[in-house]
Amino acid sequence: MGSIFVFIILAAVILIAGLLCVTTKRIMRAATYMLFVLFGVAGIYFLLGYTFLGAAQIAVYAGGVTMIYVFAIQLVSKQTLQGLVERIKCSRLISGGLAAFAGLAVVGFVIYKTVLTLNVPEAAPAIEEVSMDKIGEALVGSEKYQYVLPFEFISLFLLACIIGGLVVSRKEED
Amino acid sequence: MIPVECYFALSALLFFIGVFGFVTRRNLIAMLISVELVLNAVDINFAAVNKLLYPQGMEGMFMTLFVIGVAAAESAVAIAIIINVYRKFRSDSVDSITNLKN
């Protein structure tokens, strides 16, 4: 019973911060509101029992990605640091709102139609956290339902991204 | 026990908040932030479906983990490109970027 209150609070935080994030005109505030959304999503993972996932979310997203954004904002808009205000056209606002609302209506209709046909397990399992042993074995095992190949692939991908980022953002000496 | 529909509704709302931001904003960094919102909405769906409908498996959890990794790498490269674009065009709005090579 208590978890439903936690879910409602987390959902309210996520949705309000998300709305403020896309409607605020200052970029720095948008990054700050994104931080709140990321913390809310990490809370959802904790609520579902995925503590490792929540920790990864906080460490990688809230700790790493948000820092990158803050650095980029500081680097890009040196002159107009405080008052970086973006003008949004009213027509674009209306068309974007209509597109988002139409998509939301379609997705909501599909969810409403299909959610009754889902086979939810009858005996509702108690939400318990996935043990670190199981995660570690599944992450580096090579049998069925184990993930050593994507794990290695993502390490290669991160290396490629480091090199790509350095090549793209270096100053051209000429 | 929270029904799975609640997670679906939350995820759909967050997804289309992100889509709305991506369509309306014209600042490159703000558009990237909207993409992050969309990715987080999808992650919520993966984790909730895994836990509430198929609690014996761990596929959704690992999918979310890999999405987090890919998103971090993607935003780092995108920020590198944005800084480079800013050096060249002195602007961070998509409307001012009209050619790749001048």
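Which residues in H3(A) meet which residues in H3(B)? The model is predicted, with local features requiring pLDDT of at least 70 and side-chain atom pairs counted only at pLDDT 80 or more, whereas totals for chains, interfaces and linings use all residues. Residues are numbered from 1 along each chain as its sequence is written, and chains are lettered from A and ligands numbered from 1 in the order of writing.

From H3(A), the residues A:Leu53, A:Ala56, A:Gln57, A:Val60, A:Tyr61, A:Gly64, A:Val65, A:Ile68, A:Ala72, A:Leu75 and A:Val76 meet B:Met61, B:Thr64, B:Leu65, B:Ile68, B:Ala72, B:Ser75, B:Ala76, B:Ile79, B:Ile82, B:Ile83 and B:Tyr86 of H3(B). This contact of H3(A) with H3(B) comprises 18 nonpolar, 4 polar and no charged residues (Ala, Val, Leu, Ile, Met, Phe, Trp, Tyr, Cys and Pro count as nonpolar, Asp, Glu, Lys and Arg as charged, and the others, Gly among them, as polar). Helix H3 spans residues 51–76 in chain A and residues 59–89 in chain B; the axes are 10 Å apart, at an angle of about 5° (axes are lines fitted to C-alpha atoms over the stretch in contact, and angles run from 0 to 180 degrees between N-to-C directions). H3(A) and H3(B) are therefore roughly parallel (angles under 35 degrees). Helices are DSSP runs (H or I, at least four residues), numbered from the N terminus.

Over the whole interface, 57 residues of chain B are in contact with 68 residues of chain A (C-beta atoms, placed from the backbone, within 7 Å). H3(B) gives the largest share of the chain B side, 20 residues. By class, that side has 41 nonpolar, 9 polar and 7 charged residues.

Methods: Helix = DSSP H or I, 4+ residues; strand = E, 2+ residues; numbered from the N terminus. Parallel < 35°, antiparallel > 145°, perpendicular 65-115°, else oblique. Contact = placed C-beta atoms within 7 Å.
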